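Please look over the model shown here before reading the notes that follow.

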Amino acid sequence: MTHIASPVPPLGVTHAPEGGEIGPVQSGWRLALREFARNRLAVAGLGVLVFFVLFCFGGPFVYHANLLSTNLAATNLPPGAGHPLGTDNLGFDELGELMKGGQAALEIGFLAAAIGIVIGALWGAISGLAGGIADSIMMRVVDVFLSIPFLFIVLIVAVRYAASALGLSLIIGVFTWLVPARLVRGEVLTLRVRDFVSAARAAGSGRLRLIHRHLIPNALGVITVNVTFNIADAILAVATLGFLGFGLHYPKVDWGDMLSNGTAYLQDGYWWLIYPVGTCIVLVVMACNLLGDALRDSLDVRLRRW
Amino acid sequence: MTGYLPRRVGTSLVMLFGVSIFIFFLLHTIYPSPAIDVLGPKANRVSIAVWNKQHGFDDPFIVQYLRYVNQLLHGNLGYSYKLNQSVAALFQERWGRSAYLSGISLLFAVLIAIPLGIFQAVRRNTIGDNVATTLAFVTYAMPDFFLYLIAIQLLALTFPIFGFEASQSTCMLTVMLDWRDMTLPIVCLTLLIVAGYSRYMRSAAMDTLAQDYIKVARAKGLPERLVLLRHLVRNACLPMITLIGLSIPALLAGSLIAETVFNYPGLGLLFYNSLGTADYPVLLAYTLVGAVLTIAGNLVADIALTVADPRIRLA
């Protein structure tokens with residue numbers, strides 16, 4: 001009698017219960033981190049961002065270029081010895097300018113996103129917690145601002161008050177808090193009826209404490225995701241302002257301004273004035289968007305794959 | 001439905017009121033009086049004060065606001081002292097060209113985005129889907145003007161197939177027939193809009209594909225072509241209605257940059273030129289028009305959705 005391999009295991013051997021292994025309990029943030037690391041595109045996005053931070057802020061220490069005085073003997077040079085990415089119409093080194101412009105883009109992007117998110121999170125949290133008439137008034141204000149084309153209003157204010165990194169960040173930040181405000185409000189509306197909030201309230205927490213100890217930390221997932229998208233939008237907005245001529249002034253540079261300089265020489269075929277800068281903008285914005293998508297997937301428990 | 005419509009229109013009116021207050025507040029803050037533009041840069045303080053008094057620019061905020069709204073309701077959008085022309089007349093000359101560029105690009109974008117999204121959802125995670133997603137993602141991250149510059153460099157200068165400047169004609173018919181100069185702006189703007197729409201369309205189509213009625217249609221033996229055409233397309237298009245309404249500010253901004261880069265004399269270029277001369281009446285009037293279009297667009301989209309989708313029963 002031959003032995004027949006049975007697919008059914010013999011009795012007495014214990015198996016993991018169906019539904020997968022049960023690991024040690026980990027914190028939500030650590031789980032999110034693990035999920036994030038599994039997403040290769042997101043890690044690539046993070047890598048690109050880290051690269052650009054190093055390139056823009058560390059690069060000038062390694063690569064020295066004269067970005068303060070013009071050099072009319074070396075204008076519009078194609079890439080070559082001494083100038084790896086060529087020079088622009090005033091003889092400034094493109095690679096050096098690229099680093100300096102990147103500093104402005106990243107600084108303004110992060111600062112504007114931070115300003116927008118702080119205003120938005122507070123507005124949304126207060127509105128959601130207050131409820132009633134205050135909530136509807138605050139949300140109608142958001143609706144009103146959302147219906148005004150963002151670029152128009154930013155341009156108008158920039159014409160009057162901009163031209164510094166701080167000014168640009170403020171202008172962009174002040175007009176980008178609307179979407180975060182809506183998202184945080186939605187989150188707060190679901191959170192505020194939860195038991196832990198009732199418990200905190202019963203224990204005597206005031207509204208401010210509720211907001212900063214219980215509501216904002218729990219809405220942090222939504223906020224983090226939104227920050228990355230806001231950074232991408234802010235970088236695009238700065239580039240657009242710079243391109244239209246309402247960005248930073250000499251000795252500061254921004255990427256949009258550099259592109260608009262290159263436009264004048266489109267016909268001459270000076271490609272190095274356009275493609276490196278444009279590619280940098282696309283890469284940074286894409287990296288932020290990838291990061292945001294991945295963060296959304298990894299922080300949203302419902303979408304998490306095990 | 002009967003209660004919904006007045007309530008929805010009421011919300012829009014409240015928003016219009018809010019927008020008008022905000023725009024007037026901005027105008028009042030950064031351009032309190034056109035006196036210096038009228039009297040010239042050498043005008044002394046007394047004559048400016050007298051002029052302000054005569055023309056009511058020293059009245060209280062609320063009085064000036066009511067006068068402004070009254071003017072708006074009579075179709076007066078303000079007066080550009082820099083161009084010495086009423087804003088309404090300036091807009092009248094140009095709005096047709098802007099409407100043509102934005103409208104036709106939006107139309108093409110919708111006509112491309114819907115089949116593309118359905119194709120991506122049906123063939124999801126195939127090479128075609130991945131290529132389309134990647135292209136849309138890159139285009140979405142691209143500043144508008146970079147795309148225009150690449151297009152001009154490639155298709156107008158290196159290979160001179162199209163013109164590098166949009167049509168300059170004042171006759172709408174000439175502009176419409178001038179495919180050589182109008183192709184680049186229209187195609188580029190279309191691409192940018194498609195990049196914004198496609199991922200929503202893809203996920204909408206994917207949601208619809210998972211519905212039971214699609215399974216039923218397949219189970220009863222309907223050919224796949226009919227399943228897609230009769231059951232998928234019409235349902236997957238519904239979110240598109242809302243999306244078009246929501247994307248009006250982006251569309252206006254997109255046409256602003258397109259008109260600037262391609263030197264197309266529409267409202268966007270007028271706005272850009274007014275930025276250079278700090279012509280605030282024009283700037284704020286166009287912003288107001290943009291906000292009104294956005295509010296109207298959202299209202300129309302919401303109403304159209306309730307008409308198109310009988311499942312939406314609103315009390």
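In which helix of chain A is the place of E94(A)? In this predicted model, E94(A) has its place in helix α3 of chain A. The predictor gives the complex an ipTM of 0.84 together with a pTM of 0.83, and for chain B the average pLDDT is 85, with 98% of the residues scoring at least 70.

**Surroundings of E94(A)**

- E94(A) counts as buried because 23 other C-beta atoms lie within 10 Å, where the cut-off for a buried residue is 20 or more.
- When its neighbours within four places in sequence are left aside, E94(A) is in contact with H83(A), L85(A), G86(A), T87(A) and D88(A), and also with W272(A) and P276(A).
- L283(A) lies 189 residues from E94(A) along the chain, and the C-alpha atoms of these two residues are separated by 18 Å.

**Helices α3 and α4 of chain A**

- Helix α3 of chain A, which covers residues 94–130, and helix α4 of chain A, which covers residues 132–147, have axes that come within 7 Å and cross at roughly 145 degrees.
- On the α3(A) side the residues that meet α4(A) are W123(A), S127(A), G128(A) and A130(A), while α4(A) supplies G132(A), A134(A), D135(A), M138(A) and M139(A).
- Sorted by class, this contact of α3(A) with α4(A) has 5 nonpolar, 3 polar and 1 charged residues.

**Nonpolar core**

- The largest nonpolar core has 160 residues, and those with the most contacts inside it are V154(A), L155(A), I235(A) and V238(A), along with Y148(B) from the other chain.
- Of these, I235(A) is in contact with A105(A), G109(A), I281(A), V284(A) and V285(A), leaving aside its neighbours within four places in sequence.

**Fold of chain B**

- Chain B is built with 15 helices and 2 strands, and its C-alpha trace spans about 85 × 60 × 35 Å along the principal axes.
- Of the 315 residues in chain B, 37% are buried.
- Among the contacts in chain B with a separation of 6 or more, 69% are between residues 24 or more positions apart.

**Helix packing in chain B**

- The helices α5(B) and α9(B) pack at an angle of about 35 degrees with their axes 6 Å apart, and α5(B) passes α9(B) in a right-handed crossing.
- By class, the contact of α5(B) with α9(B) comprises 22 nonpolar, 5 polar and 1 charged residues.
- In helix α12 of chain B, which runs over residues 238–246, the buried residues are P239(B), I241(B), I244(B) and G245(B).
- Those buried residues of α12(B) pack against α5 (87–122) and α9 (179–209) of chain B, and also against α13 and α15 of chain B.

**Contact between the chains**

- The contact takes 33 residues from chain B and 32 residues from chain A.
- On the side of chain B that touches chain A, at least two residues each come from α1 (4–30), α6 (127–141), α7 (144–158), α13 (248–261), α14 (267–277) and α15 (280–308) of chain B.
- The most is given by α15(B), with 7 residues.
- Divided by class, the residues on this side of chain B are 27 nonpolar and 6 polar, with no charged residues.

Terms used
Residues are numbered from 1 along each chain as its sequence is written. Chains are lettered from A and ligands numbered from 1 in the order in which they are written. This is a predicted model: local features need pLDDT of at least 70, side-chain atom pairs count only at pLDDT 80 or more; totals for chains, interfaces and linings use all residues. Helices (H or I, at least four residues) and strands (E, at least two) are DSSP runs, numbered from the N terminus. A residue is buried if 20 or more other C-beta atoms lie within 10 Å of its own, exposed if 12 or fewer, and partly exposed in between; C-beta atoms are placed from the backbone. Two residues are in contact if their C-beta atoms, placed from the backbone, lie within 7 Å. Ala, Val, Leu, Ile, Met, Phe, Trp, Tyr, Cys and Pro count as nonpolar, Asp, Glu, Lys and Arg as charged, and the others, Gly among them, as polar. Axes are lines fitted to C-alpha atoms, for helices over the stretch in contact, and angles run from 0 to 180 degrees between N-to-C directions. pLDDT is the predictor's confidence in each residue, from 0 to 100. A nonpolar core is a set of buried Ala, Val, Leu, Ile, Met, Phe, Trp, Tyr and Cys residues joined through C-beta atoms within 7 Å. A crossing is left-handed if the near helix is turned anticlockwise from the far one by less than a right angle, and right-handed if clockwise.
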